[in-house]
Amino acid sequence: MYPIASYLWLIPALPLAGAILLGIISQLYARRDFGPSERSMGILAVAFPALAFAVTVFFATRFPLGESLRSVIAPWIVIDQVSVSFGFLFDDLSRIMLLFITGIGALITLYSVGYMHGDRGFVRFMAYMNLFLFSMITLVLSDNLVLTFLGWEGVGLCSYLLIGFWHSDPANGAAANKAFLVNRAGDLGFLLGIFALITLAGPSGISFPELKAWLLDPENSSLIQGPGQLLILLATFFLFWGCTAKSAQIPLLTWLPDAMAGPTPVSALIHAATMVTSGVYLLARLSDLFVLSPIVMGMIAVIGLGTAMWAAVAGIFQDDIKKVLAYSTVSQLGFMFLAAGCGAFDAAIFHVFTHAFFKAALFLGAGSVIHALAGEQDLRRMGGLVKSLPITFIILASGWIAIIGIPGTAGFWSKDLILERVYVSGPMGPVLYFAALATAILTALYMTRMMVLAFAGSFRGSHHTKDHAHESPLSMRIPMLVLAAGSLLAGFVWAGLIPGLDIFGRALAPIVGNAQHLFHPAEHHGPSAWIFAAAGTAAAVVGAISGWITYIRRIPSLLGAPGPHGLAKRWTLAFDSLHFVFAILPTRVAAWISDVLVQRTFEGLQILAGFFVLDSASVIRKLQVSSLRLQLGLTLGLGLLISILILERIS
Amino acid sequence: MLLHILLASPFVAAFLLALIPGRFLRASLVASTGLASAIAGFALFIISGLNGSPIASDSISWFTLPGTTATVHYSLFADGFALWMVLLTAILVTSVIWIGKTCAGERYKGFAALVFLLEGALFGCFLASDAVLFFLFFELLVPPAALLISVFGGAGRNRAAILFALYTLLGSAPMAIALWALATWTGTTDGMQIATALAAIAPEKVTLLFFAFALAFAVKTPLFPFHGWQAEAYSEAPAPVTALLSGAMAKVGVFGFLRWTMPIFPNEVVEYGTLFILLGLATVIYGALVAMRQTDIKRILAFSSLSHLGLTVVGAFTLHDGAIFGVVVMMVAHGFSAGALFLLAGIPERWNGTRNIFAFGGLASQSPRFSLLFMLACLAAVAVPGTLGFVGEFLILQGIWQTFGPIIALAAGLGAILSAAYTLRMVQAMLFGKATSTGVGPEIRKSEMVAIFPLIAILFVLGFAPKLVLHSVESTLGQAPSSVANAIPENAPNATER
């Protein structure tokens, strides 16, 4: 129908080409004293994502809402039972995801050209960023679970490479390893989920459109309602397990705060705007499957809410500006999962979309602060920056009012929608709603704390850093300003209170509408939308004012150990301790037993046996090994021959 | 005829090499590299001409087994599975021959000749269609391998060589007896004919024979707890030899399970399959756990090999079609990735004279080319999607889920998490962290790059186009229904005569 579909592969291929090209250039210069010109490399690095964005826009404007492009370019793993292809699906969900992934991706790559200025690994960094974009695009553009899994592990790999980018510091390497391993643990869940679907639906279990058709086919309803229930439960459970790692939800969330060891553009792109939201994407993509399993849906809602609350509290305790934002990301992802678990997949994706803008703006703004203060990340050594960094302040302030939900900003529209949908989601709705509203107050509190500590009062760092403080170069300022504008305006694509502004919701209706209808057969009627908007605004204002009052007077002047301590530390690191007790320690004990008790004993016995053989036959040792073989072979062979002959006689 | 030439070529190469006087090092290097590449090219030529049906050579009667009425035939058989193993061996041998001058020095000629002999024995194992012929080649693997370890190895080389020889011998001696008993009872040594004739034999005896066969392959693979020789032999042998032992020779064990044990003993395979599934799982987990605590890079890789090949045995004993495809793919993938990693592991050992991973650091900034290749090989080893290893693991794990359900699949999948854990630990210790010296470090030689890069490139190319492997394997495994009896049909009459 649309012949242009056969060119869909261009979108992932462009950043892949960029990654390969930049990777080769980086290798060519690796052993020289100086790198290639940053200007030309920067142009190359931004050109590929920007072209991918242009191609995406081209495709996105070529066909109306509700229609989709699909193109299968080559077979991949094809045997009788399993058939996986390199296939792409460009529908409304991937249209939305791709637009902001390539758009924000190109902007953040541009920002990093300024941010990474003078770094010896400049080209390598740009190669990784392009490789990341390739993986992320593949993840959302794929038409089947296995190719999505390729992107899924690919983004994890790039995240690993970029967290450990400054690898001469062992702490960064440790953070990178942790991210990769936690994500690997999640990836196993993803794989097992795929297997459950193959068992359930056979060859139709792998590709998204075929799976959807299979699930909606009346012929299969007796299987789905009956004996297939267990497999659906397993599939949704394992896939959700995979999501908890990638999107940093309880219990696999510990890697994300540590991931802040990477350069700040990485935190903005990978650990805030795109990669960590893949879990929400997967839930929306498979919404027709997930709604069939109310148990797992409930689990998703509860885990999402629990993560949102836990991380919001942890956010209050952080002194590192990037850690505040990291916990804030975890918390906002929790909101998205809460929405998905309540059957509001479209609201969850909407929050993914708006969050990408304001969280990227916040991270880039924080990066601008860090850049200005020559690497300082400790909020206790900031203060009064509004005077020296006015542009950065405006950017962070736009992100701040968006995330706490001041009316009209992007965060207001999406958070309001989530809260409203949670309230009407069922008998437990009001309970979840009030807990989520309390979390919204906490959000405003810790974000206001961050703003007060960084910008209010007077500067608390050394004079040296104060003199150094300067605004960022143009290549960093342009992306920040675009994203700041996005955090204020992006919500108007689905402004629920204003009639007509709902293109986002209508676009997603063909993808998730059926599942949402199945989850809520009858429309629950809650209070008027204006009441929810008022309550949400009140939460933001209350949180912000109490944050202002609390922290404007109590700016910590004493610098203790870096990071939280006492109860704050126990709260922050609770899941690290759980991982240690339930996963790391048992593995270490098992490894110790295998190595020290079993393997060494084994080797010791072997040495003993070896002495016996060699000493009793020192003559044999002088002969060649082959003679030794012959002798022993004959002896043993004879022995066994006799025993077999005896056995034969007996029987 | 093609198969006869293929099998004879490594032996001819070894003979030709012997004709060159020892002092012409350069000549023997050029000659052996040329010969090895020619053999690899020939194997590639045969595999690309494989059009769906297996190839069988004409069968030549050789001798009558003493004490029996069975005549041993010299006959060869090749399907996609066997030919991929042959191609894997031939490509690895080419790399090893090319890189070997760094470890063999003056004695290069002897090294190359032994490597060709080992290659010939491996070809024989993969191509033999007569059980006794297979066994002869299976035994012929040991002398060149043991000599390569004991002549060119490290400090503990003699002990490692003897340990290796003893284990293999003790493992295969029962198989010799079993073969003799089989020939006595059935009057034939042809694989397929034995399988049909065995139906008339009392099950208790057959069970005994089954275990005799299985033991030989369990030692060769190896499976826990028959792995005692492995870490020692792999770490003491010079890196290129280890690459061959782990990349190619270890495959004979799994190949033996699939090609010989399963068709001959279908009932026993079903009856005792659980035992081998459990041993395989134990091997997966045990190998990975021990690898996590090693500091010697070659020992890490040795236990990693143990763990990965354990998964192929689990896959084989699921008897699930998809999983068996996965086993073949994973054997090819592991052959190239383990080969590349062992070859790479020898390079920093040459620089610093140690194999302790903590003696290195910061290689990523000091030796960027080496680090890039090492990183890529590690990614292939942990089976990141886009590499061939992923295709293998995916197919095996889904087969395990289909046959044994989620819990066993989960247990086998733990190996994937643990493999990332020990591989990243090694990467972090060697490539990352503070550099041990300042300035530009030593770098991988051009000739080493030429030998190793193709192995890694193959893994990525096949990772995106596994069809090349799956398609040629389909010719024999494709029609295989779940029943084991015809799981690995090698019916000579159906094969085309060449």
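In chain A, helices α4(A) and α11(A) run roughly parallel to each other, a label given to angles under 35 degrees, with those over 145 called roughly antiparallel, 65 to 115 roughly perpendicular and the rest oblique. The model is predicted: local features need pLDDT of at least 70 and side-chain atom pairs pLDDT 80 or more, whereas totals for chains, interfaces and linings use all residues. Residues are numbered from 1 along each chain as its sequence is written, chains are lettered from A and ligands numbered from 1 in the order in which they are written, and side-chain values use heavy atoms, without hydrogens and water.

The axes of α4(A) and helix α11 (residues 264-273) of chain A cross at roughly 5 degrees and come within 12 Å. Axes here are lines fitted to C-alpha atoms, for helices over the stretch in contact, and angles between N-to-C directions run from 0 to 180 degrees. Helices (H or I, at least four residues) and strands (E, at least two) are DSSP runs, numbered from the N terminus. From α4(A), Phe125(A), Met129(A) and Phe132(A) meet Pro265(A), Val266(A), Leu269(A) and Ile270(A) of α11(A), where contact means heavy atoms within 4.5 Å. By class, this contact has seven nonpolar, no polar and no charged residues. The nonpolar class holds Ala, Val, Leu, Ile, Met, Phe, Trp, Tyr, Cys and Pro; Asp, Glu, Lys and Arg are charged, and the others, Gly among them, are polar.

Helix α4 (residues 122-141) of chain A also packs with helix α2 (residues 38-60) of chain A, at an angle of about 5 degrees and with the axes 10 Å apart. That angle makes α2(A) roughly parallel to α4(A). On the α2(A) side the contact is made by Glu38(A), Met41(A), Gly42(A), Ala45(A), Phe48(A) and Pro49(A), and on the α4(A) side by Phe122(A), Val123(A), Met126(A), Asn130(A) and Leu133(A). The classes here are eight nonpolar, two polar and one charged.

Salt bridges come next. Over all chains, the whole structure has 23 salt bridges, each a side-chain nitrogen of Lys or Arg within 4 Å of a carboxyl oxygen of Asp or Glu. One of them joins Asp143(A) to Arg70(A), with the closest N and O atoms 2.8 Å apart. This pair links distant parts of the chain, 73 residues apart: Asp143(A) lies in the loop between α4 and α5 (145-163) of chain A, and Arg70(A) in strand β1 (residues 69-78) of chain A.

The two chains meet through 87 residues from chain B and 70 residues from chain A. Between them about 6700 Å² is buried, 72% of it from carbon and sulfur atoms; buried area is the accessible area (1.4 Å probe) that two parts lose on being put together, summed over both. In chain B, Arg293(B), Phe394(B) and Trp401(B) lose the most area to chain A, together 11% of what that side buries. Two salt bridges are counted between the chains. Arg293(B) forms a salt bridge with Asp595(A), the closest N and O atoms being 3.0 Å apart. Helix α19 (residues 388-431) of chain B supplies the largest share of the side of chain B that touches chain A, 23 residues. That side divides into 58 nonpolar, 17 polar and twelve charged residues.

Some backbone details remain. The peptide bond from Thr221(B) to Pro222(B) is cis, with omega near -15 degrees, and the bond from Phe224(B) to Pro225(B) is cis with omega near 0 degrees. Pro222(B) sits in the loop between α10 (203-220) and α11 (230-236) of chain B.
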